[in-house]
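Subject: Structure handover

Hello,

I am passing on the structure we spoke about. Please have a look at it first; my notes follow below.

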Amino acid sequence: MIRVCFVCLGNICRSPQAEGIFRQLVQEAGLQDQFHIDSAGTGGWHAGELADPRTRATSARRGVPLTHRAQQFTEQHFAAFDHVLAMDRSNLANLLAIAPDESSRQKTRLLRDHDPAGSGEVPDPYAGGERGFDEVFDLCRAACVGLLAELTAER
Ligand code: 4NP
């Protein structure tokens, strides 16, 4: 079992988007029995909530319905995952600040490190316009395709 957790700040925009896309890619590849996929936020303000309505609208329009409920990523989560994928450098710094050991730090990376055609951050769309949500979808999808290729090639 490969255990993957996508992490942003609020767990209502970017990381549930990446989780839904990656879940769908894994299902399309027939690998759902080999993956445990989740998402979380470094902040807990939105715990229990569905994804932001703009994220859900964008994702549904693009064929990926989302049902995730927000949760906060805590130190205990590191032991439950093999790969912890941060959306931006601030998320990454927040994660590394609570990582309890070297193994936790080793498994924590920027999601876009896995994008074969790009690198950098998935920018926070929360305070911006509708277009930002399509950009988040595109960036997450490209990186998730690369991530799945890497993880399946390693096996
Ligand atoms: P996310 O976006 O980290 O992609 O889920 C945000 C959601 C909520 C807030 C910030 C970013 N907030 O400040 O509440």
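F35 is buried (under 20% relative accessible area; over 50% is exposed and in between is partly exposed, with a 1.4 Å probe and protein chains only), because its relative accessible area is 6%. This is a predicted model, in which local features need pLDDT of at least 70 and side-chain atom pairs count only at pLDDT 80 or more, while totals for chains, interfaces and linings use all residues. Residues are numbered from 1 along each chain as its sequence is written, and side-chain values use heavy atoms, leaving out hydrogens and water.

Helices (H or I, at least four residues) and strands (E, at least two) are DSSP runs, numbered from the N terminus. Six of the seven residues in strand 2 are buried. Strand 1 (residues 2-8) pairs with strand 2 in the parallel sense over seven bridges; pairing takes at least two DSSP bridges between the strands. C5 has D38 in strand 2 as its bridge partner.

Now the aromatic rings. Rings of Phe, Tyr and Trp (its six-membered ring) pair if their centres lie within 6.5 Å; planes under 30 degrees apart are stacked, over 60 edge-to-face, the rest tilted. There are three aromatic pairs by this rule. One of them, F6 with F22, is edge-to-face at 5.6 Å centre to centre and 65° between the planes. F6 is in strand 1 and F22 in helix 1, so this pair ties together parts 16 residues apart in sequence. F22 and F35 are also edge-to-face, because their planes stand at 80°, with ring centres 5.6 Å apart. F6, F22 and F35 make up one aromatic cluster.

Regards
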